[in-house]
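The following note sets out numbered points for a colleague reading the model alongside its sequence. Please consider them in order.

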Amino acid sequence: MAYVAGNRTNTLSLGARLAEIRTHAVEAYANWRVYRQTLEELSNLSPREMNDLGINPSMIKRIALEAAYGPDA
């Protein structure tokens, strides 16, 4: 029989943890805004403009994800 025993100790104070959570939330929102703006701008391109850029309509979501979250998104 296996069991897990863990002892978590937090070295950050409550205020520091809340500040960290807020920082992550602000970063996540900023990334989401980049994603939405890129998605909207690419979706508004005409087929000719997309062809000039070498973009297929099926690639729009992936390009927006990479713009916001990086190539490993």
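1. R62 is partly exposed, with a relative accessible area of 37%; buried denotes under 20%, exposed over 50%, and partly exposed the range in between, with a 1.4 Å probe and protein chains only. E66 is likewise partly exposed, at 36%. R62 forms a salt bridge with E66, and their closest N and O atoms lie 3.6 Å apart. The criterion is a side-chain nitrogen of Lys or Arg within 4 Å of a carboxyl oxygen of Asp or Glu. By this rule the count is one salt bridge.

2. Where does this pair sit in helix α3? R62 and E66 are four residues apart in α3 (residues 60-69), so about one helical turn separates them. Side chains of opposite charge can pair when their charged atoms come close.

3. The model is predicted: local features require pLDDT of at least 70 and side-chain atom pairs count only at pLDDT 80 or more, whereas totals for chains, interfaces and linings use all residues. Residues are numbered from 1 along each chain as its sequence is written, and side-chain values use heavy atoms, with hydrogens and water left out.

4. The protein chain has three helices and zero strands, in the order α-α-α from the N terminus. Helices (H or I, at least four residues) and strands (E, at least two) are DSSP runs, numbered from the N terminus.

5. In α3, the residues I60, A64 and A68 are buried. Viewed down the axis of α3, its buried residues fall within an arc of 60 degrees, so they line one face of the helix; the arc is that of the directions from the helix axis to the C-beta atoms. These buried residues pack against α1 and α2 (47-53), contact meaning heavy atoms within 4.5 Å. After α3 comes G70, whose phi is positive, near 95 degrees.

6. L14 belongs to helix α1 (residues 14-43) and counts as exposed, at 54% relative accessibility. Together with L18 and I21, L14 forms a nonpolar surface patch with about 320 Å² of accessible area. Patches comprise residues with over 30% relative accessible area and no salt bridge; like charges are joined within 9 Å, and nonpolar side chains (Val, Leu, Ile, Met, Phe, Trp, Tyr) within 5 Å.

7. Of the 73 residues of the protein chain, 14% count as buried. The accessible surface of the chain is about 6,300 Å², with 55% belonging to carbon and sulfur atoms. Accessible areas come from the Shrake-Rupley method with a 1.4 Å probe; for residues, only the protein chains shown count as cover.
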